[in-house]
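Welcome! Open the model in your viewer, keep the sequence panel at hand, and follow along stop by stop.

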Amino acid sequence: MKINALLVAAGLALSSLTVHAQLTVEITGAGANRLPVAIAEFTGERIIAQALTSVIRADLERSGLFRLVDAGPPLGDSATPPFEDLKARGADAVVGGSVTTGSDGRYETRVRLSDVPKQASLGNPAYLHTEAQLRATAHRIADFIYEKLTGEPGVFSTR
C-alpha cells in the first residue's frame, strides 16, 4: 500500500513538471476602441506653440481614450481644417490653434476643435496666460477637448 502511494506521489510530481499554462490577455473597454484625434501644431509663437501641443498630446494619449493621428502641417484656429485629408488619415476630430503675444507680454492661445466627419466646429475657446502658466493652460485645453469628445469633465488640470 505504501508503495502504491509512493508511486502515485512520484507520478504526480513528474506530471507537474510537464504541465504548461497558457495566459491570454484580451483588451476590452477604453483601450480597445480609442477615438482617433489629430492635434496639429499651433501657429504663432513657435516655442510656446510646440510646448502647448506637446503637453496636450501627452495628456490625451495617456488617458487611454484617444489615439493620435498625424495632423499634417500646423493649423491655426481660424484656418479651415483639411477635412478630406484628415478623414483619409482616419481622424474623427482635429484640433488647431494659434498663440500670439499681447501688448502686456501675456500670451493669448486660441483653440479650435472640429468634428471631421461632420466638418463642424465643436468649440473655439481662448486662454490668456503667462509663460509660467504654459503647462496649466495646456492641461486646461486638454480638459476642454476631453469633455467635448467624451461628455465627461477632463481631469488633466486637477492636482
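In which strand is Asp115 found? Select residues 107-115: this is strand 5, and Asp115 belongs to it. Keep in mind as you look around that the model is predicted.

**Stop 1: around Asp115.** Show the side chain of Asp115, which is buried but has no salt bridge. A salt bridge would need a side-chain nitrogen of Lys or Arg within 4 Å of a carboxyl oxygen. Turn next to the backbone of Lys118: its nitrogen lies 2.9 Å from a polar atom of the Asp115 side chain. Leaving aside residues up to four places away in sequence, Asp115 touches Phe83, Asp92, Ala120 and Leu122.

**Stop 2: the largest nonpolar core.** Select Phe42, Ile56, Leu60, Val95 and Ile145, the residues with the most contacts inside this core of 25 residues. Strand 1 (35-39), helix 2 (46-62), strand 4 (93-101), strand 5 and helix 4 (134-150) each give it two or more residues. Color helix 4 to see the element that gives the most, with seven residues.

**Stop 3: Val95 and a second core.** Center on Val95, whose contacts beyond four places in sequence include Val37, Phe42, Leu113 and Ile145. A separate core of ten residues can be picked out too, with Ala38, Ala91, Val94 and Val116 among them.

**Stop 4: the whole protein.** Zoom out and switch to a cartoon view: there are four helices and seven strands, running along the sequence as α-β-β-α-β-α-β-β-β-β-α. Of the 159 residues, 34% are buried.

Key
Residues are numbered from 1 along each chain as its sequence is written. This is a predicted model: local features need pLDDT of at least 70, side-chain atom pairs count only at pLDDT 80 or more; totals for chains, interfaces and linings use all residues. Side-chain values use heavy atoms; hydrogens and water are left out. Buried means under 20% relative accessible area, exposed over 50%, partly exposed in between (1.4 Å probe, protein chains only). Lys and Arg count as positive and Asp and Glu as negative; His and the chain ends are not counted. A polar contact is a pair of N or O atoms within 3.5 Å; within protein, one must be able to donate a hydrogen and the other to accept it, and residues adjacent in sequence count only if both atoms are side-chain atoms. Contact means heavy atoms within 4.5 Å. A nonpolar core is a set of buried Ala, Val, Leu, Ile, Met, Phe, Trp, Tyr and Cys residues joined through side-chain atoms within 4.5 Å.
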